Amino acid sequence: MPRKIWTGSINFGLVTIPVGLYAATEDHTVQFHQYERGTTDRIRYKRVNERTGEEVGYNDIVKGREHGGGVITVEQSELDEIAPGRSRTIDITTFVDLAEIDPVFFQKTYWLAPNSKEHFRPYNLLRRAMQDTGQAGIATFVLRGKQYLTAVRADTDVLALNTLYFADEIRDPADLVGDQPEQSAPAAKELQMATTIIESMSGPWEPEEYEDTYTAKVEELLAEKAHGGEIKAAEAPPQPTDVIDLTEALRRSVDEARKGRRAPRQEEDLSELTKAELDDRAKELGVKGRSKMKRAELERAVAEAGEKPTGTGGRRTRKAS
């Protein structure tokens, strides 16, 4: 069971629901230590006084900033005293249409779960009401010494809490693109071809079909180096499309999208494949419910999926790279 990282309550109107906060995601990034080149000696960092060069104990370090020509220091206890929301509540102040919140405001997702069985009824009442109305509850709360703006919303069987950026934390995109030259506007023919490409590559959102292939390659790299194997470099990224060749690149993209990304497989005897190989093939073809299938069912599903066209109807999803 995931570890609870915050305990408090959701308040809306006069209803109070005790809840626990849990991380909704986990990081699978390969973690490295630092070593001196040519040795197995770990690199360690010390907290040192920049004036004396002497190491300082953690309990002897306070926070501070320059102010009025000097330095003002504060204790953590002083910061805790002035922290808003010390009552540990998520007070919903208003409900808004979830679709109105620009995705740029979303920061991180957490799950909210009731603290005990007797609180499931009001918890599910709030979840179902927000689900039926498409509304999200806007609230602020304090986590680990920082106040967050949040959106509480209904997810499948659970309430989700998304931390949001405050408006003054969002950069103005106009600062990045600025005044664009007149020739940057797409021609009607180019726009039509780009739309055709998008429509040809369109399909349902199936997140389980995408994998972190880079992490897998890092693990493979480490394994190869451990056995003295040869390291294979990845393909170089494509060169930027020349504006002059844009129309031709779009035309070729339309042709590829229409006939599918991959050439059709030659007929093969699926009975010679192991169940694990069939499962891999089923995953590649986007077969649903494959984990519960017996071998014969899996073989039949792979055969049927392999007969479908690779365009929009039976499109084979590309892996993230």
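## Tyr 214, out in the open

Let's start with Tyr 214, which is exposed, with a relative accessible area of 61%. Here, exposed means over 50% relative accessible area, buried means under 20%, and partly exposed is in between (1.4 Å probe, protein chains only). Tyr 214 sits in helix 5, residues 213–226. Helices are DSSP runs of H or I with at least four residues, strands are runs of E with at least two, and both are numbered from the N terminus. Along the chain, Tyr 214 and Thr 29 are 185 residues apart, yet their C-alpha atoms are separated by 9.2 Å.

A word on where this comes from: this is a predicted model, in which local features need pLDDT of at least 70, side-chain atom pairs count only at pLDDT 80 or more, and totals for chains, interfaces and linings use all residues. Residues are numbered from 1 along each chain as its sequence is written, and side-chain values use heavy atoms, with hydrogens and water left out.

## The whole protein

Stepping back, the protein has eight helices and nine strands. Of its 321 residues, 24% are buried. Take the contacts (heavy atoms within 4.5 Å) between residues at least 6 apart in sequence: 60% of them join residues at least 24 apart.

## Helix 7 and its two sides

Which residues of helix 7 are buried? In this helix, residues 275–285, they are Leu 278, Arg 281, Ala 282 and Leu 285. Seen down the helix axis, these buried residues fall within an arc of 100°, so they line one face of helix 7; the arc is taken from the directions from the helix axis to the C-beta atoms. An α-helix has 3.6 residues a turn, so residues three or four places apart point the same way. On the other side of helix 7, Ala 276 and Asp 280 are exposed. After the helix comes Gly 286, with a positive phi near 75°.

## Helix 7 meets helix 8

The buried residues of helix 7 pack against helix 8, residues 295–306. The two helices pack at an angle of about 35°, with their axes 9 Å apart. Those axes are lines fitted to C-alpha atoms over the stretch in contact, and angles run from 0 to 180 degrees between N-to-C directions. The crossing is left-handed, which means that the near helix is turned anticlockwise from the far one by less than a right angle.

On the helix 7 side, the contact includes Lys 275 and Asp 279, while helix 8 brings in residues including Leu 298 and Val 302. By class, the contact has six nonpolar, one polar and five charged residues. Nonpolar covers Ala, Val, Leu, Ile, Met, Phe, Trp, Tyr, Cys and Pro, charged covers Asp, Glu, Lys and Arg, and the others, Gly among them, count as polar.

Thr 156 is exposed at 60% relative accessible area, and Asp 157 is exposed at 63%. Most residues other than glycine have a negative phi. Asp 157, though not a glycine, has a positive phi of about 65°.

## Thr 196, tucked away

Thr 196 is part of helix 4, residues 188–200. Buried or exposed? Thr 196 is buried, with a relative accessible area of 19%. A polar atom of its side chain lies 2.9 Å from the backbone oxygen of Gln 192.

How values were computed
A polar contact is a pair of N or O atoms within 3.5 Å; within protein, one must be able to donate a hydrogen and the other to accept it, and residues adjacent in sequence count only if both atoms are side-chain atoms.
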